[in-house]
Amino acid sequence: MKVDVLLGLQWGDEGKGKIVDVLTPDYEIVARFQGGPNAGHTLEFEGKKYVLRSVPSGIFQGNKINIIGNGVVLDPALFKGEIESLESSGHDLTKRLLISKKAHLILPTHRLLDACYEAAKGDSKIGTTGKGIGPTYTDKISRNGLRVGDILHNFEEKYNAAKSKHLRILQQYGHDISALAEIEKDWFAGVAKLKEFTFIDSEHYINNAVKQGKKILAEGAQGTMLDIDFGSYPFVTSSNTISAGACTGLGIAPQSVGEVYGIFKAYCTRVGSGPFPTELFDATGDKLREFGFEFGSVTGRPRRCGWIDLVALRYAIMIDGVTQLIMMKSDVLDTFETIRACIGYEINGKKVTDFPFEVDERIKPIYVDMKGWQTDMTKMQKEDEFPAEFKHYISFLEKELQVPIKIVSLGPDREQTIIR
């Protein structure tokens, strides 16, 4: 049995959480393979809304096993708040959620370092969420990190050594550390909560499950265009968000990867700084933001909005080896008379269809215009009900992207999903 991978193809916020929730009935295990609590996955069903930060999005479906993999960075304080919120809504997670011993811990001083480094950048800010993600991955790569498994072995000594290193850096920058004691209080309460869960050698657990023929879904966070290697660097996250990240983030071999589900919005959004060739600064962009309720599920920050970018999307599909596409938020375009799609870039007077090394203000998007469907899609229950204009939009995208669109989302609820 193969491990199927589900990930975002744009700059994050594509709607991965909902689709994991929709697909989970077909799987026995859902495993998150990278990212941290800066990525919020929103799920809506039965009239309720949930925002997951670290917990895999398959947690609501029956008794499926959910795993926080080794590639994830985990903040115990935020984890505690997330778990208690879910428990208060009637979900008992201790028997269904397993945590990799090799997942790295976000320390209180990582959050202070994040704010310190961002402030030091001045006008060159990345737009970090301030959750300590970058400094945690930095410590991981420089071999100075603490892992979940360290909680069980000489933890106080290891924690104090890491804290001392961070305080020396913060002192050099003259950064305010007055909030540290309060942050630590919540953090250690979170560590106590973590101990209620089972820590596992996740690479053994998952590979044994593969041998046993169990169906496994690997869940990514953020989006391909935020990948540390292949995204719009340096305005990226600190981990590999692409499908290859599932191999290092879970400890599976490349030949163990099966289907790769690529999720994209019917338009584009981005949070924070960084290039965005199709961004709209007019009433159309405002309309997309309003109708799509484009505000960060964790940060609440308004998202930048624009038309779909097929140059970036083709690039993401190539890098990820996508086998099936899933289009989200089609209903947000319901009232537009004209729908635009960027099929290429004009750079210095030349048409470019491959995503370039550097994306800057020289790029001018080349658009194709299509007639909008101007129909309320949210009530539709089968593909036969789609208006002709919407069917044309799907066919156009499939021709341009050379991958079939297998699932179309017509609203936030799990019921508003058409499987083609």
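**Entry 1: Gln 255**

I started at Gln 255, which sits in the loop between α8 and β11 (257-265). I am working on a predicted model. Gln 255 has a relative accessible area of 57%, so it is exposed, the cut-off being over 50%. Lys 2 is 253 residues away in sequence, yet the two C-alpha atoms are separated by 8.0 Å.

**Entry 2: Cys 247**

Next I moved to helix α8, where I found Cys 247. Is Cys 247 buried or exposed? Its relative accessible area is 16%, and buried means under 20%, so Cys 247 is buried. I listed its contacts, leaving out residues up to four places away in sequence: Ile 252, Ala 253, Pro 254 and Val 257. Gly 296 is 49 residues along the chain from Cys 247, and 28 Å separate their C-alpha atoms.

**Entry 3: domains**

I noted how the protein is divided. Domain 1 has two segments, 3-100 + 206-261, domain 2 covers 104-195, and domain 3 covers 264-419. I then took centres over C-alpha atoms for domain 2 and domain 3. They are 36 Å apart.

**Entry 4: second largest pocket**

I turned to the second largest pocket. It holds about 280 Å³ of space. How many residues line the second largest pocket? There are 13, and those nearest its centre are Gly 231, Ser 232, Tyr 233, Phe 357 and Glu 358. I sorted the lining by class: 9 residues are nonpolar, 2 are polar and 2 are charged. I also checked which domains supply the lining. Domain 1 and domain 3 each give at least three residues.

**Entry 5: Tyr 233 and Pro 234**

Tyr 233 came up again when I went through the peptide bonds. Its bond to Pro 234 is cis, with omega about 5°. Pro 234 lies in the loop between β10 (216-219) and α8 (245-250).

**Entry 6: positive phi**

I kept a reminder for the backbone check. Most residues other than glycine have a negative phi, and most peptide bonds are trans.

I logged Phe 293, which is not a glycine but has a positive phi of about 45°. Phe 293 is in the loop between α9 (283-291) and β13 (304-306). At 53% relative accessibility, Phe 293 is exposed.

Gln 374 is not a glycine either, and its phi is positive at about 40°. The loop between β18 (364-371) and α11 (388-401) holds Gln 374. Its relative accessible area is 47%, so Gln 374 is partly exposed.

**Entry 7: annotated residues**

I opened the UniProt record. This is an unreviewed entry, and its "active site" annotation covers Asp 13, His 41 and Lys 140. I looked up two of these residues in the model.

Asp 13 is in the loop between β1 (3-8) and α1 (16-23). With a relative accessible area of 25%, Asp 13 is partly exposed. Setting aside neighbours within four places in sequence, I found Asp 13 in contact with Lys 265, Thr 269, Val 271 and Arg 303.

Lys 140 belongs to helix α4 (residues 133-141). Lys 140 is partly exposed too, at 28% relative accessibility. With the sequence neighbours within four places left out, its contacts are Asn 70, Gly 71, His 104 and Gly 145.

**Entry 8: Cys 305**

Where does Cys 305 lie? I placed Cys 305 in strand β13. Its relative accessible area is 0%, so Cys 305 is buried. Beyond four places in sequence, Cys 305 touches a list of residues including Cys 268, Thr 269, Phe 276, Leu 288 and Glu 294. For Glu 294 I also took the distance: 11 residues apart in sequence, 8.0 Å from C-alpha to C-alpha.

**Entry 9: Ser 57**

I finished with Ser 57, in the loop between β4 (48-52) and β5 (65-68). Ser 57 is buried, at 0% relative accessibility. Lys 18 is 39 residues from Ser 57 in sequence, and their C-alpha atoms are 7.5 Å apart in space.

How values were computed
Residues numbered from 1 in each chain as written. Predicted model: local features only at pLDDT ≥ 70, side-chain atom pairs only at ≥ 80, totals over all residues. Heavy atoms only, no water. 1 Å grid on protein atoms, 1.4 Å probe; cavity = no way out; pocket = protein on both sides within 12 Å on 5 of 7 lines; lining within 4 Å. Points joined across faces, edges and corners; volume = space filled by probe spheres on them. Nonpolar A, V, L, I, M, F, W, Y, C, P; charged D, E, K, R; others polar. Domains from an automatic or database assignment. UniProt positions renumbered as here; feature names shortened; annotations may be inferred. Helix = DSSP H or I, 4+ residues; strand = E, 2+ residues; numbered from the N terminus. Buried < 20%, exposed > 50% of the residue type's maximum accessible area, 1.4 Å probe, protein only. Contact = heavy atoms within 4.5 Å.
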